[in-house]
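Hi,

Here is the structure I promised to hand over.

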Amino acid sequence: MDIDALYETAMRMVAPGKGILAADESTGTIRKRFDTIKLESTADSRRDWREMLFRTEPAMSEHISGVILYDETLRQKAKDGTPLAGLIAKTGAVPGIKVDTGAKPLAGAPGEMITEGLDGLRERLAEYDALGARFAKWRAVINIGAGGDESVPSQYCINTNMHALARYAMLCQEAGIVPIVEPEVIMDGDHDIDRCYEVTEFGLKRLYAELFEQGVVLEGTILKPNMIISGTNCSAQASREEVAEMTVQCLTNCVPASVPGIAFLSGGQSDVDATAHLNIMNAGFDLPWPLTFSYGRALQAAPLAAWGGKDEAAGQKAFNHRARMNGLAALGEWDEGMEG
């Protein structure tokens, strides 16, 4: 294991004013996205959409530090024959790969999930490394019980998911690949922000215990957490300032300072809310790690609608805007007036 190389890649992924584009939607998920613009999802249309994003300037070179790819995308080539991973690397961004195979129902735990994909992962990582991936991502899904049900998530669910995240991370580092560890507490539900804080803290503390126990070098990892936010159906929605303050408090209580950086998922927030929350944290707090973004929908929804399957210039204009807004938020220099 080359710890210095892992650390160098991790630091590139959280470079100042830059963040990670999550373009790792499965074939099923991207089909749903394309349905909204009435575009058939084919290998060629998926390639065209992602190639358009990866060729967008100055977004890619100035505001995107890395791109998470789906297995199909890592193997695809642009229309001119250049591997899509090569297009990303030419901009200075780091190509990465989603390696989990999705969340499935957790046996014996109704309403809870376990992420699969550890079988054969060592061999897949070797192949992904040869294809140009320098980091990987694994997402754990943690649901919160409805109606005040505190039995969800269970200790069983937290333990199994965090153990799997640590096993994945160790295999990545063995292969010379930086692992993004993503323990996502789902924002769907009627829970309040305090319950989100409680569950997120519970999960993060177990995660870092597992990473330590399995020998993962924290200096060669990136954390991709949810923000501390009210459930989508909660009657009392927390303010942007509350979200930022409680998120920072939770991370400070749980995440070791040796972690190179934290790249938030957007988790279904609106584009502007995801940007605003990140900006408040960076503008208002002095923290031991850089805070940046690893957004999927919050970076892609506006470009997808503008592109519509045919208008490349409009799609790139929208992507340039959202990438710039989030790049500024990663520096604490965003203002909502810029959204006009």
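R50 counts as buried because its relative accessibility is 0% (buried means under 20% relative accessible area, exposed over 50%, partly exposed in between, with a 1.4 Å probe and protein chains only). You'll find R50 in helix α3, residues 43-54; helices here are DSSP runs of H or I with at least four residues, strands are runs of E with at least two, and both are numbered from the N terminus. Setting aside neighbours within four places in sequence, R50 touches A23, D24, E25, I30, E72 and T73, where contact means heavy atoms within 4.5 Å.

Before you go further: this is a predicted model, so local features need pLDDT of at least 70 and side-chain atom pairs count only at pLDDT 80 or more, while totals for chains, interfaces and linings use all residues. Residues are numbered from 1 along each chain as its sequence is written, and side-chain values use heavy atoms, with hydrogens and water left out.

Now the pocket. Rolling a probe the size of a water molecule over the atoms shows where empty space is left. On a 1 Å grid over the protein atoms alone, a pocket is an open set of points where a 1.4 Å probe fits, with protein on both sides within 12 Å along at least five of seven lines; lining residues have an atom within 4 Å of a point. The largest pocket has a volume of about 750 Å³, that is, the space filled by probe spheres set on the points, which are joined across faces, edges and corners. Its lining has 28 residues, and R33, K137, R139, E182 and E184 lie nearest the centre. What is that lining made of by class? The largest pocket is lined by twelve charged, nine polar and seven nonpolar residues (Ala, Val, Leu, Ile, Met, Phe, Trp, Tyr, Cys and Pro count as nonpolar, Asp, Glu, Lys and Arg as charged, and the others, Gly among them, as polar). At least two lining residues come from each of α2 (27-35), β6 (135-142), β7 (178-185) and β10 (291-295), and β6 gives the largest share, three residues.

On to the inside. In soluble globular proteins, nonpolar side chains tend to be buried together. The largest nonpolar core here has 95 residues, with F54, I64 and Y168 making the most contacts inside it; a nonpolar core is a set of buried Ala, Val, Leu, Ile, Met, Phe, Trp, Tyr and Cys residues joined through side-chain atoms within 4.5 Å. Helix α8 (residues 155-174) gives the most to this core, with ten residues. Another core, of 13 residues, lies apart from it and includes M13, V14, A22 and V178. Beyond its neighbours within four places in sequence, I64 is in contact with residues including K18, L21, F293 and L299.

The aromatic pairs come to four, where rings of Phe, Tyr and Trp (its six-membered ring) pair if their centres lie within 6.5 Å, with planes under 30 degrees apart counted as stacked, over 60 as edge-to-face and the rest as tilted. F293 and Y295 make a tilted pair, 5.6 Å centre to centre with 40 degrees between the planes. F293 is buried because its relative accessibility is 0%, and Y295 is buried with a relative accessible area of 0%. F34, W49 and W307 form one aromatic cluster.

N326, in helix α13, has both F293 and Y295 among its contacts, along with T275, L278 and L299, leaving aside neighbours within four places in sequence. N326 is buried too, with a relative accessible area of 0%. From N326 to N279 is 8.1 Å, C-alpha to C-alpha, although they are 47 residues apart in sequence.

Most residues other than glycine have a negative phi, and most peptide bonds are trans. The peptide bond from E57 to P58 is cis, with omega near 10 degrees, and P58 sits in the loop between α3 and α4 (59-63). The bond from V152 to P153 is also cis, with omega near 5 degrees; P153 is in the loop between β6 and α8. K38 is not a glycine, yet has a positive phi of about 55 degrees. K38 belongs to the loop between α2 and α3 and is exposed, at 79% relative accessibility.

Cheers
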